[in-house]
Protein chains: 2
Amino acid sequence: MKMKTVMNLTKALADETRVRMLLALRGGELCVCQVTELFGFAPSTVSKHLSILHQAGLVESRKQERWVYYRLPDQNAPVPVRAGLAWITQALENEACIAADVRKLKQILKMDPTELCQRQCPK
Amino acid sequence: MKMKTVMNLTKALADETRVRMLLALRGGELCVCQVTELFGFAPSTVSKHLSILHQAGLVESRKQERWVYYRLPDQNAPVPVRAGLAWITQALENEACIAADVRKLKQILKMDPTELCQRQCPK
DNA sequence: TTTTCATTTCGCCACTTGACGAAATAACGT
DNA sequence: ACGTTATTTCGTCAAGTGGCGAAATGAAAA
């Protein structure tokens with residue numbers, strides 16, 4: 001794999017928020033407004049983080065109806081990508097802040113996405 | 001492993017020079033002046049990079065005579081550290097710039113360390 | 001076609017990072 | 001003990017990063 005490509009991977013993993021986003025996606029795909037709710041940043045900030053992860057190949061996305069869903073890549077992804085995800089996941093297993101994210105996400109998934117979005121995009 | 005510790009790892013790997021330093025150490029320990037010669041940065045810059053790698057646990061060091069030698073950690077290192085090294089090594093196998101570093105390093109190892117240091121510490 | 005609205009892009013700001021040279025440190029040789 | 005010297009620390013500076021809000025985008029709904 002090219003050095004540039006590898007550095008895109010390592011730089012993408014060099015931010016705590018982005019790492020937590022990846023781990024949050026282990027439970028299945030999420031739309032931007034759900035991730036926004038989980039981390040409490042502005043939608044534009046969340047979108048930027050997700051685009052950096054996407055650029056690195058660490059997430060895939062699809063658009064359905066009004067929402068863009070992001071998910072972890074499938075088995076077709078390059079080995080270094082999957083290995084990087086496995087590495088960071090393993091390193092953080094049993095980590096308290098990750099468990100807290102999972103708990104909070106569980107609550108968010110009970111809510112209506114439309115409601116979440118409208119709360120974030122006022123007017 | 002604590003989130004903070006993991007982020008020290010990912011941030012240490014998020015710089016091309018530091019990654020190349022790690023791979024250069026695969027052939028065995030190197031002293032600071034050898035690493036300095038390999039990458040062409042100021043000694044203070046190289047020292048800073050090595051200290052960041054050390055802080056993350058990705059290298060160990062020992063002092064002998066006039067020189068400080070850095071090396072990759074042994075099997076006693078935490079799993080995430082060894083896994084991170086294995087990951088980055090695998091991702092960059094067959095990468096041209098790494099092979100070039102190895103070639104250049106081979107030349108440097110033929111030289112006398114004392115000579116290298118004196119060239120770098122003028123006066 | 002026009003409106004609505006979730007997401008992205010852009011411009012700006014504060015903070016961090018990586019580079020250097022100068023000065024401090026620490027350990028060896030004399 | 002003293003001087004030499006390899007390495008580290010410190011101060012500074014330019015460049016990169018992550019945050020936000022406003023504006024642009026683009027696709028579905030009306």
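Predicted model: local features only at pLDDT ≥ 70, side-chain atom pairs only at ≥ 80, totals over all residues.
The interface between the two chains draws 25 residues from chain B and 25 residues from chain A. In polar contact between chain B and chain A are ten residue pairs, both residues being at pLDDT 80 or more. On the side of chain B that touches chain A, the elements contributing two or more residues are α1 (3–12), α2 (16–24), α5 (79–91) and α6 (96–108) of chain B. Sorted by class, this side of chain B holds 16 nonpolar, two polar and seven charged residues.

Chain A contains an open sheet of three strands, arranged in the order β1-β3-β2 with antiparallel pairing. Its edge strands are β1 (30–31) and β2 (60–64) of chain A, each of which pairs on one side only. In general, the strands of a sheet pair through backbone hydrogen bonds, in either a parallel or an antiparallel sense. Two bridges connect β1(A) with strand β3 (residues 67–71) of chain A, and this pairing is antiparallel. Within the sheet, L30(A) is positioned opposite Y70(A) of β3(A).

Over all chains, the count of salt bridges comes to eight. Side chains of opposite charge can pair when their charged atoms come close. In chain A, E60(A) and R71(A) form such a bridge, their closest N and O atoms being 3.1 Å apart. This pair links distant parts of the chain, as E60(A) belongs to strand β2 of chain A and R71(A) to strand β3 of chain A, eleven residues apart. E60(A) counts as partly exposed because its relative accessibility is 22%. R71(A), with a relative accessible area of 28%, is likewise classed as partly exposed.

In chain B, the side chains of E60(B) and R71(B) meet in a salt bridge with an N to O distance of 3.2 Å. E60(B) lies in strand β2 (residues 60–64) of chain B and R71(B) in strand β3 (residues 67–71) of chain B, so the bridge ties together parts that are eleven residues apart in sequence. E60(B) is partly exposed, at 22% relative accessibility, and R71(B) is partly exposed at 28%.

A further salt bridge of chain B involves R20(B) and D101(B), whose closest N and O atoms are 2.8 Å apart. Because R20(B) lies in helix α2 of chain B and D101(B) in helix α6 of chain B, this pair ties together parts that are 81 residues apart in sequence. D101(B) counts as buried, since its relative accessibility of 7% falls under the 20% limit for that class.

Helix α2(B) itself is mostly covered, with seven of its nine residues buried. The buried residues in α2(B) are T17(B), R18(B), V19(B), M21(B), L22(B), L23(B) and A24(B).

Terms used:
Residues numbered from 1 in each chain as written. Chains lettered and ligands numbered in written order. Heavy atoms only, no water. Contact = heavy atoms within 4.5 Å. Polar contact = N/O pair within 3.5 Å; in protein donor to acceptor, adjacent residues only side chain to side chain. Helix = DSSP H or I, 4+ residues; strand = E, 2+ residues; numbered from the N terminus. Nonpolar A, V, L, I, M, F, W, Y, C, P; charged D, E, K, R; others polar. Pairing = 2+ DSSP bridges. Salt bridge = Lys/Arg side-chain N within 4 Å of Asp/Glu carboxyl O. Buried < 20%, exposed > 50% of the residue type's maximum accessible area, 1.4 Å probe, protein only.
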